[in-house]
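Morning, everyone. Please look at the model on the screen, and then I'll walk you through it.

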Amino acid sequence: MFFSGYYQLIGQVDKTLLEQVNSNIETFEEKQAYNFQHGEWLRLDSYHNPENYKLKDIAGIEIINAVTAMFPEDELFGWSVSYLKGKSEVVDHTDRMMFHRMAKRVIVLVNDVPDVLNWHWFSNDTRVNYLLEYGNVYRLNTSITHGLKNNNINNRRAIYFDMMPKRLHDKFKSHQDIVSVILADAVGEKYVL
Amino acid sequence: MYFNNLTQTIDTIPRYFIDNVLEHELYIITEIDKRAIIGKDNKIQIIANMPAKLVKHVSAIGSYIYSQQYALLKNMVIYETMLCRPPVTLVGDSSQHSRYLNRIGELFLIPLKGQVKIATNDFNTTSTLTPGNIYRINNRIGNRFFSSADFVCAAFTFLDFDLKNYLMPHDLHSPFVRRKDEYADPSLAPDYLNKLSEKNAY
């Protein structure tokens with residue numbers, strides 16, 4: 001969903017909880033269930049989830065409750081668990097599934113990996129860099145081209161929560177294009193992410 | 001928006017709404033629609049390019065539609081108002097699919113003069129649109145318009161009022177260019193795209 005700005009601080013979650021979530025995800029990773037890979041970036045998305053993994057089983061219900069409580073007017077539409085290897089990056093992209101245009105994408109960093117540089121493109125020539133802090137909950141503007149690089153040697157885990165206003169959720173949850181990537185006339189070095 | 005047919009007849013419209021517009025037909029000056037809202041090479045006159053006397057009567061059609069409180073238009077607001085004079089054959093197959101507005105909004109056509117036959121490969125049917133009726137068009141699927149030489153219609157697109165806030169104009173009008181990264185190249189992410197149904201990965 002578009003909003004005015006690149007990211008927005010929504011609130012904070014307890015770091016003890018995040019440590020537990022990180023531990024839960026580490027355990028889950030033994031299943032090797034990540035179902036999306038681009039370079040060194042791995043993700044498990046609820047949108048392509050044939051094994052029907054549940055986020056509450058992966059990360060624990062407490063983190064879900066903590067984040068959804070910050071959006072009382074929204075429904076949790078979907079989620080992603082993200083694993084960005086140390087010294088790797090996510091290329092410039094705009095999130096392209098149809099629901100991205102209607103849902104708030106909320107990110108929670110699950111482990112404390114400093115030196116992960118995030119950026120949005122303000123224009124073709126102007127990149128705006130920023131850092132996201134461990135312990136905070138952020139909303140990202142995924143309608144604008146963005147990318148990131150993990151400059152640390154450690155791998156970074158995060159959870160994306162896609163929250164949709166309840167009325168829009170009811171209206172569009174069954175739309176047959178809702179989790180489709182909409183593309184046209186693709187040119188250049190660009191990616192579907 | 002997608003629905004399980006090519007077109008849907010929503011209602012009739014009193015004849016005087018149509019006559020009022022046609023009284024000023026002289027002022028209907030259409031030009032190629034670069035956004036291909038309905039199809040490639042369509043000719044339209046957007047409301048911003050209409051003289052006041054035409055605006056008044058075209059807007060009245062929109063107001064009439066609102067006033068009927070159709071359930072499918074609940075929470076929807078008019079996003080675009082235009083008059084259309086499609087070429088005799090109009091192809092609506094390409095860019096319109098990638099226009100978010102076509103996926104999430106509604107397109108209504110109100111023929112004013114002549115008639116148009118619409119065909120598609122998605123359904124084994126054709127529709128003929130004639131003056132006096134309000135039609136909903138399935139603008140998510142590919143189609144062909146076959147218009148009589150004198151065909152002219154009013155067209156309205158509708159969008160959920162919340163999405164008017166949440167969507168950037170270039171999203172609504174995709175596939176037009178956004179800064180830096182507008183359209184991903186499917187060839188660079190084949191594994192991911194292969195998980196999607198072919199029909200939706202234009």
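Take the contacts in chain B between residues at least 6 apart in sequence: 81% of them join residues at least 24 apart. Contact here means C-beta atoms, placed from the backbone, within 7 Å. A word on the source: this is a predicted model, where local features need pLDDT of at least 70, side-chain atom pairs count only at pLDDT 80 or more, and totals for chains, interfaces and linings use all residues. Residues are numbered from 1 along each chain as its sequence is written, while chains are lettered from A and ligands numbered from 1 in the order in which they are written.

Chain B has six helices and eleven strands. Those are DSSP runs, numbered from the N terminus: helices are H or I, at least four residues, and strands are E, at least two.

Now the sheet. Four strands of chain B make an open, antiparallel sheet, ordered β5-β10-β7-β8. Two strands pair if DSSP finds at least two bridges between them. In chain B, β5 (89–92) and β8 (126–129) are the edges; each has a single partner strand, so one side of each has no neighbour in the sheet. Inside chain B, β7 (residues 116–119) and β10 (residues 143–147) pair over four bridges. There, Lys117(B) sits opposite Phe146(B).

Next, burial. Of the 202 residues in chain B, 41% are buried. Buried means 20 or more other C-beta atoms within 10 Å of a residue's own, exposed means 12 or fewer, and partly exposed is in between.

Last stop: which residues does Val108(A) touch? Leaving out residues up to four places away in sequence, they are Val13(A), Ile63(A), Val67(A), Val137(A), Ala158(A) and Ile159(A).

Technical notes: Contact = placed C-beta atoms within 7 Å.
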